[in-house]
Amino acid sequence: MLLMGDFFEELKRRNVVRVGIAYVVFGWVVLQAADVLLGLLQVQPIVGKTVAFVLLLGFPVVCFVAWVYELTSDGLKKTEEVDESKSLTHSTGRKLDFAIIAALVVALSYFIWERQVGDGAVIADKSIAVLPFVNLSADADQEWVADGLTEELLNALAKTPDVRVASRIASFQYKGKTDDIRAIAERLGVAYVIEGSVRRSGERLRVTAQLIEAADGFHLWSETYDRTPEDIIAIQEDVAVEIASALQTAMDPEALAKMMSVGTQSVSAYEAYLKGNALRAQVISSGDYGLLTPALASWEEAAAIDPQFAAAHIALARFWLQQMFVNSKAARAIPNTAQQRLARFRESIASAIASSKDPLDTLRYQAIEATVALRFHSALQLTDRYLEQRPNDLDVVTGKRYLVNVLGRVDDGIANAYRMAELGRDDPLATELAITSLAIAGEVDGAAALAQRSLNRFPGNNEVAYQAHRAFIYAGKIDEARALLPSLRASGLSEDSQLYLTIRQACAEGDTATAVEAMQRMEELLVGRDPAGLIVANFMLGTPWKNEPIVRRLDDAGQIFEIASFMGAQWFDPRPYPNLMAVLEREGAVIRDNYQDAPTPYRCDPSQLSESD
């Protein structure tokens, strides 16, 4: 019988230790390769988990084989049958050492590569960023012309199915900056960049645009347009077609020109529409929701000037859609009733569908209409048909998140979240939503991994850090979550967001008293204005009995569109709410019978709470 010390010596002699180390290192390399490959192929996450499970099962098997058998010049033989004087374990061990070193070199190379690209993304040949055009006009009030033209170019190019376009948020972060073009392209993960300028003076309009290949800074195409302001529509369409053609898309020039059409021949309608878009961009960048009022007026002006301008109508429809979420900051910018918002939405979306000249745009508009009309199954079908032709439309992929959540399709929701993360790798807003979607769907390891990569990619972004805090706690990374708190506390987040952080961290650390105190303040802030926020806070605190009357009031009021969004959270049980259930059953949503068993990663201990809490 071997003593413990002798046993460990025998393990080393038989190379079991080396085999185990080699297996772990090579297994890790295989997992990383699988992660990248499966991500590129958009394979369901279960495949990656299966690979990891098989590798885990293989470890004891490999160690057992290394103990029982020995590699000899005649092949594998049982160790007991090998003459120790003729054993090759020493030379085999040396070979294993070299193999381990080689695997570690591969691992180190991967770490360096991943750090350089941030999220492991491969730069696509047909990928482009449209940087904000510079306003060279003497009148600073003409800034909207440059911003609006930039956004429309971006939207036009995003329609091209085989071109990946960096998001508006990603591009506009470089507004007013003079960073090196190649450095910007590398950070955004694109192969090409378009930049330009706009100068408007009286009856003259000068627009310059140039397409740059990021690898060498070479100008593939450039043009200067000296026209009148009445030519702005033709200029925008021409620039979009020229860029798409230079990128050698699969579409023929005639089809490109038709697709790039702005949808109106009225210059005044188009300018009003551009002004509304520019104001919306300012809202996103500044957080000044007061700018929504003039943005709304601009879109309404555009639609009134040209009633057949579908883009103006869909801008209005999306505005009123955002207003329907009572916990949205935008919903508090313009006072009106839920009935008024719904009526305005229905009017705008019907006009957008009626005036649409692009069949694919029509599909998108119909999907939005069906979603608000609670025809979720039809909306998802329309969305998928649209994405078959325009798979890189980040706005639509992000919108699909709501539908798969409502229908209870957890696997589809996880796959869609990874797609959001891939398309929105340079967009912090899309990244935040992807992290949240993965976390609440139970894909906690994926959420935490994406959160860590995103913190590296968007350092100093408070919203990304805020969602990363959630993801870390869901994944049990309590220390990592705590490390984010100092910067988040000093970041200027709203008081209710600060209270969410307190409740999350306190519950995760078992500090129920602090969590209850924060919740009391949360109720003072949110009662009467943000029922959705209270629902989430009650879940975190572990007081779900407080949610039922809140949700029931929304259910009785027919606000199904809003409360249905909670279906993405594994803990939300829709069964107590008859109006919601009637819609979900009609739409074929997945209704589970084990909501009470859903994981509650940072929920306070219910045994330490009372009905009064």
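In which loop does Leu374 lie? Select Leu374 and you will land between α14 (359-372) and α15 (376-389); helices here are DSSP runs of H or I with at least four residues, numbered from the N terminus.

Before going on, two notes. This is a predicted model, where local features need pLDDT of at least 70 and side-chain atom pairs count only at pLDDT 80 or more, while totals for chains, interfaces and linings use all residues. Residues are numbered from 1 along each chain as its sequence is written, and side-chain values use heavy atoms, leaving out hydrogens and water.

Stay on Leu374 and check its backbone: phi is positive, about 70°, although Leu374 is not a glycine. Leu374 is buried, with a relative accessible area of 16% (buried means under 20%, exposed over 50%, partly exposed in between, with a 1.4 Å probe and protein chains only).

Next, select Gln248, in the loop between α8 (232-246) and α9 (253-259). Gln248 is another non-glycine residue with positive phi, near 55°. Its relative accessibility is 62%, so Gln248 counts as exposed.

Finally, show α24 (residues 531-541) with α25 (residues 547-556): they pack at about 155°, axes 10 Å apart. That angle makes α24 roughly antiparallel to α25, a term for angles over 145 degrees, taken between N-to-C directions on a scale from 0 to 180 degrees, with axes fitted to C-alpha atoms over the stretch in contact.

To see the contact (heavy atoms within 4.5 Å), pick Pro531, Leu534, Ile535, Asn538 and Phe539 in α24, which meet Asn547, Ile550, Val551 and Leu554 in α25. By class, seven of these residues are nonpolar, two polar and none charged.

Methods:
Helices (H or I, at least four residues) and strands (E, at least two) are DSSP runs, numbered from the N terminus. Angles under 35 degrees count as roughly parallel, over 145 as roughly antiparallel, 65 to 115 as roughly perpendicular and the rest as oblique. Ala, Val, Leu, Ile, Met, Phe, Trp, Tyr, Cys and Pro count as nonpolar, Asp, Glu, Lys and Arg as charged, and the others, Gly among them, as polar.
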